[in-house]
Amino acid sequence: TNIWTRPTTKGNSPSPRWGHSSENIGDGKILICFGHDGTRLLNDIHIFDSTTLTWSQPTTTPSLYHYV
């Protein structure tokens with residue numbers, strides 16, 4: 001029988017959100033960006049490494065937001 005479990009992760013995970021974008025960026029990493037938390041628009045980017053189960057939040061320049 002398959003059972004869903006919540007893995008223990010490291011790093012600061014993104015806040016709950018909807019309307020975000022996500023993308024597999026290779027090497028077991030998933031990019032999560034933007035969205036809405038029910039009160040306000042979110043303007044942040046997070047990366048989840050599914051190999052190490054680690055969240056990170058890269059420092060970006062405003063020009064990156066234009067292309068995502």
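Before you click, note that the model is predicted, so local features need pLDDT of at least 70 and side-chain atom pairs count only at pLDDT 80 or more, while totals for chains, interfaces and linings use all residues. Residue numbers start from 1 along each chain as its sequence is written, and side-chain values use heavy atoms, with hydrogens and water left out.

**Stop 1**

Select strand 1 (21-26) and strand 2 (29-33). Helices (H or I, at least four residues) and strands (E, at least two) are DSSP runs, numbered from the N terminus. The two strands run antiparallel and are joined by five bridges; strands pair if DSSP finds at least two bridges between them. Look at the hairpin they form: two residues sit between the strands, and Asp27 in the turn has a positive phi of about 55°.

**Stop 2: the core**

Show side chains for Leu31, Cys33, Phe34, Ile45 and Ile47, the five residues of the largest nonpolar core. A nonpolar core here is a set of buried Ala, Val, Leu, Ile, Met, Phe, Trp, Tyr and Cys residues joined through side-chain atoms within 4.5 Å. Buried means under 20% relative accessible area, exposed over 50%, and partly exposed in between (1.4 Å probe, protein chains only).

**Stop 3: the aromatic pair**

A search of the whole structure turns up one aromatic pair: the ring centres of Phe48 and Trp55 are 4.8 Å apart with planes at 45°, so the pair is tilted. For Phe, Tyr and Trp (its six-membered ring), centres must lie within 6.5 Å; planes under 30 degrees apart are stacked, over 60 edge-to-face, and the rest tilted. Phe48 is buried at 13% relative accessibility, and Trp55 is buried at 17%.

**Stop 4: the salt bridges**

The whole structure has two of these, each a side-chain nitrogen of Lys or Arg within 4 Å of a carboxyl oxygen of Asp or Glu. Pick Asp44 and Arg17, whose side chains meet at 2.7 Å, N to O. This pair links distant parts of the chain, 27 residues apart: Asp44 is in the loop between strand 2 and strand 3, and Arg17 is in the segment before strand 1. Asp44 is buried, with a relative accessible area of 15%, and Arg17 is buried at 15% as well.

Then select Arg40 and Asp37, with their closest N and O atoms 3.6 Å apart. Asp37 is partly exposed at 30%.

**Stop 5: His36**

His36 lies in the loop between strand 2 and strand 3 and is buried at 18% relative accessibility. A polar atom of the His36 side chain is 2.8 Å from the backbone nitrogen of Gly38. Not counting residues up to four places away in sequence, His36 touches Arg17, Trp18, Leu41 and Leu42; contact means heavy atoms within 4.5 Å.

**Stop 6: Gln57**

Finish in the loop between strand 4 (54-56) and helix 1 (62-67), where Gln57 lies. Gln57 is partly exposed at 48%. With residues up to four places away in sequence not counted, Gln57 touches Asp44, Ile45 and His46. Draw a distance to Pro14, too: the C-alpha atoms of Gln57 and Pro14 are separated by 8.7 Å, though the residues are 43 apart along the chain.

Conventions. Polar contact = N/O pair within 3.5 Å; in protein donor to acceptor, adjacent residues only side chain to side chain.
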